[in-house]
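Keep the structure open as you read.

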Amino acid sequence: MPTVDLSQPLTGRVWKYGDDVNTDVIFPGKYTYTKQDPEEIAPHALEDLDPSFAGAVQPGDVVVGGSNWGCGSSREQAAGCLRHSGVSAVIAKSFSRIFYRNAINSGLLVIAMPEVVDLIESGQEITIDLTAGTVCSAGRSWPIPPKSDSLRSIVLAGGLIPATKARLEAGQ
Amino acid sequence: MTFVQKALARAAGVESAEVGQILDVRPNIALSHDNTAPIRKIWQRLGQDRVAIPERMAFTMDHAVPAPTPRHAQNHQEARDFAAEQGVSNVFEVGRGICHQVLSEEALVLPGQVILGSDSHTPHFGWMGAFGAGVGRSEMAVIWATGEMWLRVPESMKVTITGELQPWVTSKDLALHLIGRLGADGGLYRSVEFHGDGLEQMSIESRMALTNMMAEFGAKNSYSPADEKVVEWLTPRLAARKDISETEAREEIRDSILAPDEDADYVEEVLINASEVGQQVACPHTVDRTADVGELSTIKVDQAFLGTCTNGRIEDLREASRVLKGKKIAKGTRLLVIPASSEVMNQALSEGLIQDFTEAGAMIGVPGCGPCMGNHSGVLAPGETCISSANRNFKGRMGTPEADIYLASPAVVAASSVLGRVAAPQEVVS
């Protein structure tokens, strides 16, 4: 699976969508109890929103959404299918809280940048540099809002499970 | 402090909590359902032999019951095996009902307590003045392993309901009105508290529908005061579960209650005059696309669905029966009724409601979630239209992205099944 390494700057294309994109169109409910593994879920990413996405997305691409991205179900595959399809990040005006937590916990970078979304268009080149803390597109650059050390460490560890495993093994 | 500040502080073992503070919260109950088996696989990656909190875990089997495929059946079997292996006794079998209804009926959660569930409708437990919030599968695995999870203390908004609902208008209409007015993200990341004399008049079932729907408002959790109605609803149930006297049960429930302070800080206050709310319908494909029922009378209905954790309770079935009794559902329209739990099913049987439905031509399903999230048991064909008492009408929700789902109260669902189009109950019952 083309899961990306967030410690390096990543360049890809923008896939832009609207407000209130819900988890049913990101990952349909009919698959939630039968498809769990990365290779099973990635082909269904955004299936009912944009059927062209899963076949054409490239490692390093960025999904951009409006407000309340990921509203609806708590299904974690909605975050996992995007991560395992190779996108480096989801940038949105705002996120539904469970999607936001699931994304961090799945090692998918999520960035709330309400002021930037309207300035980015589908198909544009975009670079995410987590080390420098910037998003660059169309000749402009914006700072990524800082995350707490604990959230950042979960994302960089590849998700909550590897981060917790390390913590349990260290006896903390 | 607001309710959520007090509830999260207590669950984290600290005196007080500020908005924005991150707390390591120890939930009283950790709920999972058909996703127990996949969560177990995630938990196994942590390298533990034993879960940390078997007595605080609860499993229901409700999302795809009875199992529609061997794969779903295997999920249920793995959950049973896991419960036996780890000593989890709060296991509710196929047919017992939907997690939020069942855990309420079992009085497994009490006012002021914290429940985290791997289900987005866990804000449901606000009906009794408890903190309920949804978490993901990885988070649930970590809760099993450590007994705790970090939570940020959210801002609170206060919704005051005054006045009395008009005939045939329900708390579902109130919830749709609120979501339609302020948007599907109107309560995003907030604790949504309900207050007011309009709320006090509401039955327990009506409050459940209201707090359940707050998941569609973006809320982290919801809250409705634990008044005497709540205490009396829970008392015999807690007494039965713990085999204690009702006096002891009542005392335990009262001791557990937390209420917001009079001078608590709210980021937004909303006033709703219940008497001004009409029958609301949410149109495809978002819950905040609301309209008055009268604006939609040209919409033909292929399937009407009465059930779910939002509106599958005894009060909902009684309302639907008032519309359907002695009537026939329209030719070319199907009506599917799924009680939210076995307790609701038994009560509906004893009141003759189930016979009212079957005589009208309805199908009756096994207590559980039914086709709500498109797994099985009443999913739609491409091009079809469903009117449903559920909480979500997202594209693809009931199995195909080419179907339309309208959301409404039980009475409107029932009336629509009789007329074969979106209809108000007054069109069917004089």
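What follows moves from the chain contact to the domains, then to a sheet and a helix pair. The model is predicted.

Start where the two chains meet. Here 32 residues of chain A are in contact with 41 residues of chain B. On the chain A side, three helices each supply at least two residues: helix 1 (23-26), helix 5 (97-106) and helix 7 (160-169). Helix 5 of chain A gives the most, with 6 residues. What is the make-up of the side of chain A that touches chain B? Its residues divide into 16 polar, 8 nonpolar and 8 charged.

Now turn to chain B alone. Chain B is divided into domain 1, residues 3-272, and domain 2, residues 281-427. The C-alpha centres of these two domains of chain B lie 25 Å apart. Their contact takes 34 residues from domain 1 of chain B and 32 residues from domain 2 of chain B. Look at the domain 1 side. Helix 4 (99-105), helix 6 (171-182) and helix 8 (204-212) of chain B each supply at least two residues there. The residues of that side divide into 14 nonpolar, 13 polar and 7 charged.

Next comes a sheet in chain B. Strands of a sheet pair through backbone hydrogen bonds, either parallel or antiparallel. Which of the two applies here? The pairing is parallel: 5 strands of chain B form an open sheet in the order 4-3-2-5-6. At the edges sit strand 4 (90-92) and strand 6 (131-134) of chain B, each pairing on one side only. From one strand to the next, the twist averages 15 degrees. Follow one pair in detail. Strand 5 (114-117) of chain B joins strand 6 of chain B over 4 bridges, in the parallel sense. In this pair, Ile115(B) stands opposite Gly132(B) of strand 6. Helix 5 (137-146) of chain B packs on the sheet and touches strand 2 (29-32), strand 3 (57-60) and strand 5 of chain B. The direction of this helix makes about 140 degrees with that of strand 2 of chain B.

Finish with two helices. Helix 12 (314-324) and helix 14 (353-360) of chain B pack with their axes 10 Å apart, at an angle of about 45 degrees. That angle is why helix 12 of chain B counts as oblique to helix 14 of chain B. The crossing of the two helices of chain B is left-handed. Helix 12 of chain B brings Leu317(B), Arg318(B), Ser321(B) and Leu324(B) to the contact. Helix 14 of chain B answers with Leu353(B), Asp356(B), Phe357(B) and Ala360(B). The residues of this contact divide into 5 nonpolar, 1 polar and 2 charged.

Definitions and conventions:
Residues are numbered from 1 along each chain as its sequence is written. Chains are lettered from A and ligands numbered from 1 in the order in which they are written. This is a predicted model: local features need pLDDT of at least 70, side-chain atom pairs count only at pLDDT 80 or more; totals for chains, interfaces and linings use all residues. Two residues are in contact if their C-beta atoms, placed from the backbone, lie within 7 Å. Ala, Val, Leu, Ile, Met, Phe, Trp, Tyr, Cys and Pro count as nonpolar, Asp, Glu, Lys and Arg as charged, and the others, Gly among them, as polar. Domain bounds come from an automatic or database domain assignment. Axes are lines fitted to C-alpha atoms, for helices over the stretch in contact, and angles run from 0 to 180 degrees between N-to-C directions. Angles under 35 degrees count as roughly parallel, over 145 as roughly antiparallel, 65 to 115 as roughly perpendicular and the rest as oblique. A crossing is left-handed if the near helix is turned anticlockwise from the far one by less than a right angle, and right-handed if clockwise. Two strands pair if DSSP finds at least two bridges between them.
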